[in-house]
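This briefing sets out selected features of the structure shown below, grouped by topic.

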Amino acid sequence: MHNLPTLIAYAHKCLQPIPHSSKKPQKFPFRDRYHHTLRVMGWCERLLGQVPAQENIVLAAAALHDIGYAVSAEDHAAHGAQMAEAFLRSQGFEVSFVANVADLIARHSDKQLPIDKMSNELIVLQDADCLDEIGAMTVLWDALAEGALEEQGYEKACLRIEESYRRLRTRGRVLKSSYGQQLYLERFGVLRKFIEQAKYELFMPPHAAACIAESLPGAVGASAVLPRKE
């Protein structure tokens, strides 16, 4: 998609951090929506290799899916759809393309939608959104967050990562494509192995990862790699 850099630049403009002087300090200052957007686009590209969907629509929606945070976190999907529609029209995109992209953005946060109510394009976007910050990224997030606290320690950081492991075990249930579930289970396995190794090296008691992993079958929710929907 030759116009993609323009969309990415617009997303970057929309998602510029608000100066700390005008709001309370960020809880996790190392995280930002723009870089999350770039990673979601990357996950979309990986998923598109296995799930048949219109690449140009998916990547455009991924580039703009969180721009609504510039207005409101609570209603960012609805705001983002309106902003994307206005911007894409101003750039001369076809009416049908604009409508499809705006629809994906409007519904990307509704992770409880039944699979028979979703296009393959929406499945790819939602799965990509869910796959971000699982696995090695979880370790980085928790290590950075723990390192910013006044009281720090290896054991304390390890326990924080283990708590994230427990919290994230339910995320796989909302993934709709079989390939998305496969990627999720791979990332979850990386996280489990890290915790096991960290606890071994820290001489800490074994954690609950093994029993949690037993509750994660190969398919953690009703899904499939769907045929192309016309």
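Phe-30, Leu-140 and Leu-144 together form a nonpolar surface patch of about 270 Å². The model is predicted.

**Surface patch**
- One of the patch residues, Leu-140, belongs to helix 7, which comprises residues 136–147.

**Nonpolar core**
- The largest nonpolar core holds 55 residues, of which Leu-7, Cys-44, Leu-64, Ile-67, Leu-88 and Val-101 touch the most other members.
- At least two residues of this core come from each of helix 1 (4–14), helix 2 (33–48), helix 3 (55–64), helix 4 (76–90), helix 5 (95–107), helix 6 (120–131), helix 8 (154–168) and helix 9 (178–201).
- The greatest contribution to this core is that of helix 3, at 8 residues.
- In soluble globular proteins, nonpolar side chains tend to be buried together.

**Helix 6**
- Helix 6 is largely enclosed by the rest of the structure, because 12 of its 12 residues are buried.
- Among the buried residues of helix 6 are Asn-120, Glu-121, Gln-126, Asp-127 and Asp-129, as well as Leu-122, Ile-123 and Val-124.
- With 12 residues at 1.5 Å a residue, helix 6 should span 16 Å, and this agrees with the 16 Å between its end C-alpha atoms.

**Cysteines**
- Cys-14 has a relative accessibility of 14% and therefore counts as buried, the cut-off being under 20%.
- Cys-158 is likewise buried, at a relative accessible area of 4%.
- Cys-130 is one of the buried residues of helix 6.
- The count of disulfides is 0, a disulfide being a pair of cysteine sulfur atoms within 2.5 Å.

Notes: Residues numbered from 1 in each chain as written. Predicted model: local features only at pLDDT ≥ 70, side-chain atom pairs only at ≥ 80, totals over all residues. Heavy atoms only, no water. Buried < 20%, exposed > 50% of the residue type's maximum accessible area, 1.4 Å probe, protein only. Patch = residues over 30% accessible without salt bridge, like charges linked within 9 Å, V, L, I, M, F, W, Y side chains within 5 Å. Areas by Shrake-Rupley, 256 points an atom, 1.4 Å probe, with all protein chains shown as cover. Salt bridge = Lys/Arg side-chain N within 4 Å of Asp/Glu carboxyl O. Helix = DSSP H or I, 4+ residues; strand = E, 2+ residues; numbered from the N terminus. Core = buried A, V, L, I, M, F, W, Y, C linked by side-chain atoms within 4.5 Å. Expected span 1.5 Å × (residues − 1).
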